[in-house]
Amino acid sequence: MKRIVFTGGGTAGHVTPNIALFPKLRELGYDIHYIGSYDGIEKKLIEDYQIPYYGISTGKLRRYFDVKNFSDPFRVLKGFSEAKKILKTLKPDIVFSKGGFVSVPVVRAAAALKIPCIIHESDMTPGLANKLCIPVATKVCCNFPETLNELPADKAVLTGSPMREELTQGNKFRALEKCEFNSGKPIVMVIGGSLGATGVNQLVREALPELLEDFQIVHVCGKDKVDNLLLNKVGYKQFEYVKDDLKDLFAMADIVISRAGANVICELLALKKPSLLIPLPAKSSRGDQILNAKSFEAQGFSMVCDEDDLTAKMLTEKVHELYFTRHSYIEAMQASVQKNPVNTIVELIEETVNQ
């Protein structure tokens, strides 16, 4: 039996692509294990999959001044020691990392033990955690053609982001019933990430009177971000968070308004959903969502708007424009070279193990 250890955590985006690989690897007979932080989101997400989980110490690696910068390196060193001990016991054939700061001690420990590592970079430019792992990685998977120029040529592989197969199996009629929508009016889905997007939520709600004249809106708005005054608004349905029903909402949606996190936009690509991307502003991030959105815009997959310049009136106009030109975006996505990220990455894992 071949054994693989996964790592990655800190946000759901560092875990769900790993989860998407589990079924195929199980079919091929892999014994799967997971190393994450003691109590990170990854521990909770992995619980549903009956996979052995090992927690290690981890610290955040910051580019800015913080007093924790003096203590966190010691947590990382402790994590390295713990990961090395776990890997010595498990003796995996390969380690696969989706990134996040918990992955650094794991990948570095695997390299010290001469265990091959494949890592995946979601964003256009590598984050700090992956930058620390790339020198010892066997291969580096990425989502964007432009990222290939940022990586060592002998390691870089354009794969796209693995997506759970279940997301392709949605039932639009279940979603129509759940949302109390009718099938004769177009549907816009709004998603702002696992925590929601306050700026996007506000713009959408300001534009509701005009949008609801021509569309029905299903809005995944984030924890504690439901507007109670709009609970009974006809044609407008809000959810704090969606898990099992997400596939049905995607199946129901004609177009999508979204942040530009790498994993969600890769899901939109795989599902061929035309989108209006409103990336997280540079002042609130390292700018990776802006780069992600520009790449999708350049490839003809999405329309992009800057949140700082967007008004409710402009949003309404953009949504109408996207809907009436949606087929051109669908055609561009159908022509994409990223056909099946799960199969591509699993084949890469198999090649590396067999070598």
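What is the order of the strands in the open sheet of 6 strands? In this predicted model, where local features need pLDDT of at least 70, side-chain atom pairs count only at pLDDT 80 or more and totals for chains, interfaces and linings use all residues, the order is β10-β9-β8-β11-β12-β13, with parallel pairing. Residues are numbered from 1 along each chain as its sequence is written, and side-chain values use heavy atoms, with hydrogens and water left out. Strands (E, at least two residues) and helices (H or I, at least four) are DSSP runs numbered from the N terminus, and two strands pair if DSSP finds at least two bridges between them. The edge strands, each pairing on one side only, are β10 (236-239) and β13 (302-304). Strand β12 (residues 275-277) is joined to β13 in the parallel sense by 3 bridges, and Leu276 has Met303 of β13 as its bridge partner.

Helix α11 packs on this sheet, touching β8 (187-191), β11 (255-258), β12 and β13, where contact means heavy atoms within 4.5 Å. Helix α7 (residues 198-214) packs against α11 (residues 312-324) at an angle of about 45 degrees, with the axes 8 Å apart; axes are lines fitted to C-alpha atoms, for helices over the stretch in contact, and angles run from 0 to 180 degrees between N-to-C directions. The residues making this contact include Leu203 and Leu211 of α7 and Leu315 and Val319 of α11.

Elsewhere, strand β4 (residues 94-97) runs parallel to β5, joined by 3 bridges, and Ser97 has Ile119 of β5 as its bridge partner. Because 5 of the 5 residues of β5 (residues 117-121) are buried, this strand is largely enclosed by the rest of the structure; buried means under 20% relative accessible area, exposed over 50% and partly exposed in between (1.4 Å probe, protein chains only).
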